[in-house]
Amino acid sequence: MKRAIYPGTFDPITVGHMDIVRRACTIFDEIIIAVAESKSKNPMFEHAKRVEMARAATQDHPKVRVVGFDNLLVNLSDELEANIIIRGLRAVSDFEYELQMGYANASLKKELETVYLMPSLEHAFVSSSVVRTILHFDGKVDHLLPPPVLEMIRKSR
């Protein structure tokens, strides 16, 4: 079974993330969305809420499972018996950071491979930080979030 981990803070999970998930599902047998606690990033949503949002967004994807984590990704890969990491690349600006992280992970565990997927053009500008900024000003985010996530956010406001 080809199992891959898609790690991130998912603060919140967006249609861009889901685009990567859909693409990854055509390549791998199982995708594990690993929601990082990431206290240092001072996320807008609590960790448990982000995990819940990711589960709601992926409820119709049988190949997808969601877990929360607060340790090194290489340790999580051992726990989950998955040696493939999925990362999305929207622009050249993402590449340098993602390449550095991929090399750092590989230096800790040589069996770990990172696969980079590009989102479709319509989602290339979507990021959690853009969504958080728009949410801060009560702007329209319907086109940026999966419907179950949008509903969860509306109910919590």
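Helices (H or I, at least four residues) and strands (E, at least two) are DSSP runs that are numbered from the N terminus. The model is a predicted one, in which local features need pLDDT of at least 70 and side-chain atom pairs count only at pLDDT 80 or more, while totals for chains, interfaces and linings use all residues. Residues are numbered from 1 along each chain as its sequence is written, and side-chain values use heavy atoms, with hydrogens and water left out.

D11 counts as buried, at 2% relative accessibility, where buried means under 20% relative accessible area, exposed means over 50%, and partly exposed lies in between (1.4 Å probe, protein chains only). The side chain of D11 reaches the backbone nitrogen of M44 at 2.8 Å. Leaving aside neighbours within four places in sequence, D11 is in contact (heavy atoms within 4.5 Å) with P43, M44, F45, R50, S128 and R132.

Two other loops hold residues with a positive phi. E81, in the loop between helix 3 (73–80) and strand 4 (84–88), has a positive phi of about 55 degrees although it is not a glycine, and E81 is exposed, with a relative accessible area of 66%. D138, in the loop between helix 5 (128–136) and helix 6 (147–156), also has a positive phi of about 55 degrees without being a glycine, and D138 is exposed at a relative accessible area of 64%.

A pocket is an open set of points on a 1 Å grid over the protein atoms alone, where a 1.4 Å probe fits, with protein on both sides within 12 Å along at least five of seven lines, and its lining residues have an atom within 4 Å of a point. Grid points are joined across faces, edges and corners, and a volume is the space filled by probe spheres set on the points. About 1,100 Å³ of space lies in the largest pocket; of the 43 residues that line the largest pocket, the closest to its centre are G8, T9, K41, R87 and E98. Strand 1, helix 1, helix 3, strand 4, helix 4 (92–108) and helix 5 each supply at least two residues of this lining, and helix 4 gives the most, with eight residues.

Key:
Polar contact = N/O pair within 3.5 Å; in protein donor to acceptor, adjacent residues only side chain to side chain.
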